[in-house]
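Please consult the sequence and the model displayed below.

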Amino acid sequence: MPTVVLMDVSLSMTRPVSLEGSEEFQRKNLAVHGLTMLFEHMAANYRLEFTALVAFSSLWELLVPFTRDYNTLQEALSSLEDYDKTCVESALQGVNTVVQQEWGSGCPCQVVLVTDGSFGIGKGSLRHSLNTLKQRSDDKKFPLPFPFPAKLFIMCVANAEELQSTDTMDNLEQLLSLNGGEGQIFTMDGPLCLKSVQAMFGRLIDQAYSPFHAVLRCGNLSSDVQVFPRPEPVIIDEEVDPMPRTVNTDLEIVGFIEIGDISSPPVISRHLVLPIAVNKEVDDVGSGAPEETEEEISATQLAGKSPNFCVLLHGSLKVEGMVALVQLGPEWYGMLYSQADSKKKSNLMMSLFEPGPEPLPWLGKNAQLGPISEALENPYGEDDSKSPFPLQPKIKRSYAQNVTVWIKASGLQTDVQKILRNARKLPEKTQTFYKELNRLRKAALAFGFWELLKGVAELLERECTLLPDTAHPDAAFQLSHAAQQLKLASTGDSQYAAFDHNINPMHTDFSS
């Protein structure tokens, strides 16, 4: 999940902060100290995160485009210049531009806005922007909500009392509300000092940038892994009291299945699964004398020589062309699979299904899946020429049936003419006549088109009177019977207008 850091470089950020027994600091220095702490944490624990740095005052400037090089980001922090007044709206428009150019509008992002809470007065201030929300034309809309999924974290280099003395806190809360409530406002506790700003950014790290560590298990085999990016809690809307469901730190592999059987299923999110090197020998190696440092083996090299179940699983899935079903929590499953970035490089990935006992209808309920050895006969055949999937649903899906569509008058006219053509060929076309008649009847009942049933009934009565003398006597009985049944259905009587009811041919004693 990419991150955009918005750094306020307006003049208000240069206000001094008095620290006892030390040199004078500016609020900008405290902000830089907090961001340096964040970047160091991400370099150590979130190395795969793409981060961009944007500075803003009345205008915005992209200082560092999306990168994984945190040294470049820290160097840019050390060379920040001071500009004029604060314009948050301009900064948020800059975020829209930067993110959509790089990632489009479908990639979730995190926006970290670092400011002192002094948003100015008059035109261009945050207060003015929020007060004019309803007076804007379509081409000058406020940039929130973002056109992409985003969380907005506002880091205020000020304490809550200072912000609440004005309407700044209300304005910031309105910003979060415009973003759909996704995000949080962080303020400094106590006096403005290095310790307070470290504590504030520490709370941000705990909430948004703490790595997700888990144990991947399969029988007696296990491996410590990191799941990146961190899986977000999922809320099921259908529940009466929806509660966020989180992924367990124990990931249990419950089985394996062919890639062709699972196909390309719908998923909530996709994550990298990275093995964590846990090696007790590292400390022993690292405790040698200073002059032995050149001969020491790094922890990474040691980890590369240690057997790891995660590496075994990745290679096996890649070679066998299978995926592993993994249980994420109660009635919540996902799949592990190998995904190739290029011809030479591939990664172990984990995709999360929708919570529930049957996330993929063509596989049936996950709890009813079992090993092939328990089946009476191999469901894949002796030569793997067949597959038990997809399972056929017990109820025929509506989209799998031929649906009657009357978008144009010509479609309705064609269906009525088909019934009349078959009516003139009775009794030879008796089965076809009633099949088309019942199809039209069901469609008319579904649309509430009662007048159509009356009209077709009158047409059938007219056809009955126009029958030639040479016509089979059974034709007149069938036409009269069908017309009477249509008239009864048009009254809306539940006995005759039931959707599942069919008009059956009238039994006569005539032989064709």
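A salt bridge is a side-chain nitrogen of Lys or Arg within 4 Å of a carboxyl oxygen of Asp or Glu. The model is predicted: local features need pLDDT of at least 70, side-chain atom pairs count only at pLDDT 80 or more, and totals for chains, interfaces and linings use all residues. Residues are numbered from 1 along each chain as its sequence is written, and side-chain values use heavy atoms, leaving out hydrogens and water.

**Salt bridges**

- Lysine 487 pairs with glutamate 461 in a salt bridge whose closest N and O atoms are 2.7 Å apart.
- Because lysine 487 lies in helix H15 (residues 473-490) and glutamate 461 in helix H14, this pair ties together parts that are 26 residues apart in sequence.
- The structure holds 13 salt bridges, including one between arginine 15 and aspartate 116, with 2.9 Å between the closest N and O atoms.
- Aspartate 116 is buried (under 20% relative accessible area), at 1%.
- Arg15, Arg27, Asp116 and Glu162 are linked in a network of salt bridges.

**Helix packing**

- The axes (lines fitted to C-alpha atoms, over the stretch in contact) of helix H13 (residues 430-447) and helix H14 (residues 450-465) come within 8 Å and cross at roughly 155°.
- H13 is therefore roughly antiparallel to H14, a term for angles over 145 degrees.
- Helices here are DSSP runs of H or I with at least four residues, numbered from the N terminus.

Conventions. Axes fitted to C-alpha atoms, helices over the stretch in contact; angles between N-to-C directions. Helix = DSSP H or I, 4+ residues; strand = E, 2+ residues; numbered from the N terminus. Parallel < 35°, antiparallel > 145°, perpendicular 65-115°, else oblique. Buried < 20%, exposed > 50% of the residue type's maximum accessible area, 1.4 Å probe, protein only.
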